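Work through the exercises below with the sequence and the model in view. Each task is followed by its solution.

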Amino acid sequence: MDDHNEEREVEANFWSNIPHSVRNDNLISFGARILYCEISSLTNTRGFCWATNSHFAKIFETSIRTITRWISELKKAEHIQIQYVESPGRITERRVFLSTHIRQTRRAPKTNMADTIDTDGVHNNIKNNIKN
């Protein structure tokens with residue numbers, strides 16, 4: 001499929017969906033999250049996303065390498081699944097599917113709040129800040 005036809009098909013899909021598990025997954029970059037939205041909008045037509053990395057790079061005004069990294073993040077986080085259609089000796093199409101399972105939101109470990117609390121027994125309040 002040439003880029004001109006691909007762009008025309010993309011324009012027909014004007015909305016996207018981002019589930020809570022992707023939106024709040026802080027182990028993937030914000031770019032990967034937005035790319036997920038674009039992939040989601042393209043699955044509305046055929047049930048899978050067929051767009052190339054170069055197409056996404058044009059849309060997001062970034063490099064193909066960055067798009068490749070974002071797709072890898074989404075795949076590693078199990079938000080998408082990729083299937084390749086092969087002809088003898090070469091890959092003819094990549095199909096990106098949204099993962100069908102819903103899982104808990106993944107978050108990076110937070111710092112232990114107990115480490116940041118003043119434990120010497122003196123609290124910071126007005127009464128303790130005013131000298132009598």
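The model is predicted: local features need pLDDT of at least 70, side-chain atom pairs count only at pLDDT 80 or more, and totals for chains, interfaces and linings use all residues. Residues are numbered from 1 along each chain as its sequence is written, and side-chain values use heavy atoms, without hydrogens and water.

**Exercise 1.** Classify the crossing of helix 3 and helix 4.

Step 1. Helix 3 (residues 30-46) and helix 4 (residues 53-60) have axes that come within 12 Å and cross at roughly 120°. Helices are DSSP runs of H or I with at least four residues, and strands are E runs of at least two. Axes are lines fitted to C-alpha atoms, for helices over the stretch in contact, with angles from 0 to 180 degrees between N-to-C directions.

Step 2. Helix 3 is therefore oblique to helix 4 (under 35 degrees is roughly parallel, over 145 roughly antiparallel, 65 to 115 roughly perpendicular, the rest oblique).

**Exercise 2.** Describe how helix 4 meets helix 5.

Step 1. The axes of helix 4 and helix 5 (residues 64-76) come within 8 Å and cross at roughly 105°, so the two are roughly perpendicular.

Step 2. Asn53, Ser54, Phe56, Ala57 and Phe60 of helix 4 contact Ile64, Ile67, Thr68, Trp70 and Ile71 of helix 5 (heavy atoms within 4.5 Å).

**Exercise 3.** Which residue is the bridge partner of tyrosine 84?

Step 1. Strand 1 (residues 80-87) and strand 2 (residues 90-98) run antiparallel, joined by eight bridges (pairing needs at least two DSSP bridges).

Step 2. Tyrosine 84 is partnered by arginine 94 in strand 2.
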